[in-house]
Amino acid sequence: MTNMIYDNEILAVIERSENLNKMLLNSEAYLQYKQLYIELEDNAEVQQIKKDLIKLKEKYDEVNRFGRYHPDYQKVMLETRRKKKEYEMHPEVAHLKQLEMNLQTLLDEVIVIVTQHISTNIKVETGNPFFESHACSSGCGCS
């Protein structure tokens, strides 16, 4: 591993990246996400559903080790799916997922802009089909 010598140019890039980070942390997308995330941590109903889901997940993992041969396989699989749907469909959890997607989109946009200014040959894995700019035969999802 080589030691990197920090010259003024590198220090300027680091300073600009820190400024970009501050801008992202002050963005509406991040602030909305953070606020709702904190509210959900204090929401007794959501936290109870989450705890129940975690308990079911433990049962699910146990049953899954034996597969269809476990006597409670169908019951546990069905209960787990129902509880997961209940959690994900809770209005506040669904709203948090939407805000999370908005924040991810913002981050994807920033990454694409930065990389495209460096080189159009840099491939960016965004996981978002709206950012794909080429057809990749491997199905990697890069743009």
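A pocket here is an open set of grid points with protein on both sides within 12 Å along at least five of seven lines, and its lining residues have an atom within 4 Å of a point. Keep that in mind as we walk through this predicted model.

Let's start with the largest pocket, which has a volume of about 180 Å³. Its lining is made by Val13, Arg16, Ser17, Asn19, Leu20, Met23, Val114 and Ile118. Where do the residues come from? Helix H1 (8–25) and helix H5 (91–118) are the elements that give two or more residues to this lining. H1 gives the most, with six residues. If you sort the lining of the largest pocket by class, you get five nonpolar residues, two polar ones and one charged one.

Now follow H5 to another of its neighbours. Two packed helices are described by the angle between their axes and the distance between the axes. For helix H2 (residues 28–41) and H5, the axes come within 9 Å and cross at roughly 150°. Angles over 145 degrees count as roughly antiparallel, so H2 and H5 are roughly antiparallel to each other. Their crossing is left-handed.

Which residues of H2 and H5 meet? On the H2 side you'll find Ala29, Tyr30, Gln32, Tyr33, Leu36, Tyr37 and Leu40, and they meet Glu92, Val93, His95, Leu96, Leu99, Glu100, Leu103 and Leu106 in H5. By class, this contact of H2 with H5 has eleven nonpolar, two polar and two charged residues.

Next, take a look at helix H3 (residues 44–66) and helix H4 (residues 73–89). The axes of H3 and H4 come within 9 Å, and they cross at roughly 150°. H3 and H4 are therefore roughly antiparallel to each other. As for handedness, H3 passes H4 in a left-handed crossing.

H3 brings Val46, Ile49, Lys50, Asp52, Leu53, Leu56, Lys59, Tyr60, Val63 and Asn64, while H4 brings Tyr73, Val76, Met77, Glu79, Thr80, Lys83, Lys84, Glu86 and Tyr87 to the contact. Sorted by class, the residues where H3 meets H4 are ten nonpolar, two polar and seven charged.

Technical notes: Residues are numbered from 1 along each chain as its sequence is written. This is a predicted model: local features need pLDDT of at least 70, side-chain atom pairs count only at pLDDT 80 or more; totals for chains, interfaces and linings use all residues. Side-chain values use heavy atoms; hydrogens and water are left out. Axes are lines fitted to C-alpha atoms, for helices over the stretch in contact, and angles run from 0 to 180 degrees between N-to-C directions. Helices (H or I, at least four residues) and strands (E, at least two) are DSSP runs, numbered from the N terminus. Angles under 35 degrees count as roughly parallel, over 145 as roughly antiparallel, 65 to 115 as roughly perpendicular and the rest as oblique. A crossing is left-handed if the near helix is turned anticlockwise from the far one by less than a right angle, and right-handed if clockwise. Contact means heavy atoms within 4.5 Å. Ala, Val, Leu, Ile, Met, Phe, Trp, Tyr, Cys and Pro count as nonpolar, Asp, Glu, Lys and Arg as charged, and the others, Gly among them, as polar. On a 1 Å grid over the protein atoms alone, a cavity is a set of points where a 1.4 Å probe fits but cannot get out, and a pocket is an open set with protein on both sides within 12 Å along at least five of seven lines; lining residues have an atom within 4 Å of a point. Grid points are joined across faces, edges and corners, and a volume is the space filled by probe spheres set on the points.
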